[in-house]
Structure formats: C-alpha cells, structure tokens
Amino acid sequence: MAGPTRPMTRHLRLIRFPERVYAFSMQWSDQAIILGIRRHGESSVIAEVMTSAHGRHLGLVRSGRSRTMQPVLQPGNSVEVTWRARLDEHLGEFRIEPLELRAARLMEAATSVYGIQALGALLRLLPERDPHPHLYEALAVIVDHLEDPADAGELFVRFELAVLNDLGFGLDLSECAATGGRAELVYVSPKTGRAVSRAAGAPYAERMLTLPDFLSGGVTAADHNGLAAAFRLTAYFLNRHVYEPRGVDVSSARDGFVHATLKALKPVPPSTA
C-alpha cells in the first residue's frame with residue numbers, strides 16, 4: 001500500500017541577472033590648454049580644450065562649476081585631461097588636473113584678454129578632434145607671451161598663417177612668384193597668395209598687399225607698421241578663403257586684439273616743449 005501522498009511543491013530558483021555596467025571602452029590622456037566652457041545642467045560644464053595629440057576636443061566635466069574647478073577651467077590654463085566615453089563618437093567625460101594656471105595673469109592686459117579668445121576662435125575653424133600638434137605647441141608658446149604686444153602680435157600673425165596652411169590655403173612667402181628670387185620681397189599677390197619682389201611688383205603695386213619685413217625673412221623685428229600690414233594680410237586671406245565662403249563673421253576678439261596691440265605699439269610723437 002502506497003504511503004500518503006506528499007503535496008507537490010514548486011521549487012522556484014532565483015536567477016541572478018548580471019548588473020548593467022556602463023563601461024568606458026574609449027579612454028585617453030593628454031596635455032591640453034583650456035579654450036572655453038559652457039554651462040551644462042545644474043553643476044556641470046562642457047569644456048573645450050586644445051590637446052597635443054587629439055586636436056580641439058569637447059567633454060563634460062561633472063561638478064565643473066564647483067569652487068575647486070572654476071579656477072582650473074579658465075581659458076589659457078594648461079591641464080592634464082583624461083577623456084572617457086563608451087563610444088568614440090560620444091561627447092564623453094573629462095577628468096582634469098591642473099598643470100599651469102595662468103588665467104589670472106592673462107586678465108592683466110588687453111592683449112591677453114582678447115588674444116586668448118581670438119586664438120580659440122581661430123582653432124574653431126578647424127574640424128573638432130583633428131590632430132594639429134604643431135598648433136598646440138604654438139599655442140603653448142603664445143599664451144606665455146600675450147602680455148608683450150610686439151611678441152604677441154608677431155606670434156599671433158604666424159599662428160593665423162599656420163591655421164590658413166592647415167585649412168589648405170597656405171601662403172608662399174619664401175620666393176618671388178615672378179622671378180623665383182628671394183631678395184626684396186615686399187608684396188603679396190592677392191590672387192595667388194605668393195610673395196612678389198619689389199621690382200616685379202612695382203607696376204601693380206596699388207593692387208598688391210604689403211609683405212612686412214619680419215615675415216619675409218628680414219632682420220627687422222615686428223613693429224607697429226609691420227604688424228598693421230601683417231594683420232591686414234592675414235585678414236584678407238581669412239576673409240576670402242574661410243569667413244566669407246562659410247558665411248561666418250570675424251571674431252570680435254580678433255578686432256579687440258589687433259586694436260590693443262597696435263595701440264600699445266603706436267609711436268609716441270616727439271614733444272614740442
């Protein structure tokens with residue numbers, strides 16, 4: 001005779017599902033210079049930096065508006081940045097450590113205030129995340145000389161020429177377009193962007209752009225008149241090849257920098273007393 005029947009019970013097995021992990025599969029670290037920030041949410045910011053190996057790059061900085069981070073995230077400061085994201089095309093997050101905080105010093109002169117903004121505007125003409133290590137190196141030099149109008153002006157003009165070159169519109173100022181000679185290069189053709197010697201360009205002088213001596217390999221240092229001509233030269237080709245075709249306005253910071261630089265270098269008339 002069979003024993004009493006035991007009631008059937010269901011044994012439910014608990015299944016432990018793996019936790020969802022948002023892993024950062026993309027990561028790199030690099031030296032960078034802060035170009036600017038914009039607010040994001042209540043406490044974070046999106047920082048824009050120019051890096052040594054990864055070009056101009058954006059990233060989210062959590063708690064970027066905190067008292068600790070605000071002095072670090074100022075334009076002109078050098079930082080060590082680590083970028084992390086799940087996918088390469090994502091905005092990603094920045095972890096930022098200060099290296100050299102020069103922003104307070106940059107606020108002391110008009111050439112510095114306008115200069116760092118104008119440099120950022122130039123770098124925004126280039127594609128984001130496109131490496132330009134030579135521009136990063138040049139930027140690192142310029143930000144340490146923005147207080148000196150003569151040095152800042154010359155370095156800025158050379159930076160504009162480098163940006164034009166990287167955009168595919170480089171000027172050839174090494175030899176005369178007509179003769180191939182390297183002596184007395186005093187003009188630049190507005191059509192070709194090539195240097196022209198005094199003799200070859202004389203018949204067309206009124207239509208030529210002036211090539212200052214400090215850009216043609218001469219020994220003369222940049223001065224008020226030379227820089228004024230250089231600013232006109234780079235402005236012409238930036239407008240022609242970049243700003244007008246893209247339908248964008250020239251950065252007002254550039255105008256401020258040019259005005260502050262030339263004002264500081266303007267010759268003082270001799271006293272009549």
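1. Let's start at the tip of a helix. Asp148 caps the N-terminal end of H4, with a side-chain oxygen sitting 3.2 Å from the backbone nitrogen of Ala150. Keep in mind that this is a predicted model.

2. Now follow H4 along. Helix H4 has 18 residues and reaches 25 Å from its first C-alpha to its last, close to the 26 Å expected at 1.5 Å a residue. Just after H4, Gly168 takes a positive phi of about 95 degrees.

3. Which residues of H4 are buried? Among them are Pro149, Phe156, Phe159, Glu160 and Leu164. The cover over the buried residues of H4 includes H2, H3, H6 and H7.

4. Take a look at Phe159. Setting aside neighbours within four places in sequence, Phe159 is in contact with Leu119, Leu122, Leu123, Leu135, Ala138, Leu139 and Ile142.

5. Ten of the 14 residues in H2 are buried, so to speak "mostly covered". The buried ones include Leu119, Leu122 and Leu123. From first C-alpha to last, H2 reaches 20 Å, close to the 20 Å expected at 1.5 Å a residue.

6. Next, the bigger picture. The largest nonpolar core has 53 residues, and Leu139, Phe159 and Leu215 touch the most other members. H2, H3 and H4 are among the elements that give two or more residues to this core, while H6 gives the largest share, nine residues. Why does this core lie between domain 1 (24-101) and domain 2 (108-172 + 210-262)? Because both domains give residues to it.

7. Apart from the largest one lies a core of 16 residues, including Ile34, Val49, Val81 and Phe94.

Terms used:
Residues are numbered from 1 along each chain as its sequence is written. This is a predicted model: local features need pLDDT of at least 70, side-chain atom pairs count only at pLDDT 80 or more; totals for chains, interfaces and linings use all residues. Side-chain values use heavy atoms; hydrogens and water are left out. A nonpolar core is a set of buried Ala, Val, Leu, Ile, Met, Phe, Trp, Tyr and Cys residues joined through side-chain atoms within 4.5 Å. Buried means under 20% relative accessible area, exposed over 50%, partly exposed in between (1.4 Å probe, protein chains only). Helices (H or I, at least four residues) and strands (E, at least two) are DSSP runs, numbered from the N terminus. Domain bounds come from an automatic or database domain assignment. Contact means heavy atoms within 4.5 Å. The expected span of a helix is 1.5 Å times one less than its number of residues. A polar contact is a pair of N or O atoms within 3.5 Å; within protein, one must be able to donate a hydrogen and the other to accept it, and residues adjacent in sequence count only if both atoms are side-chain atoms.
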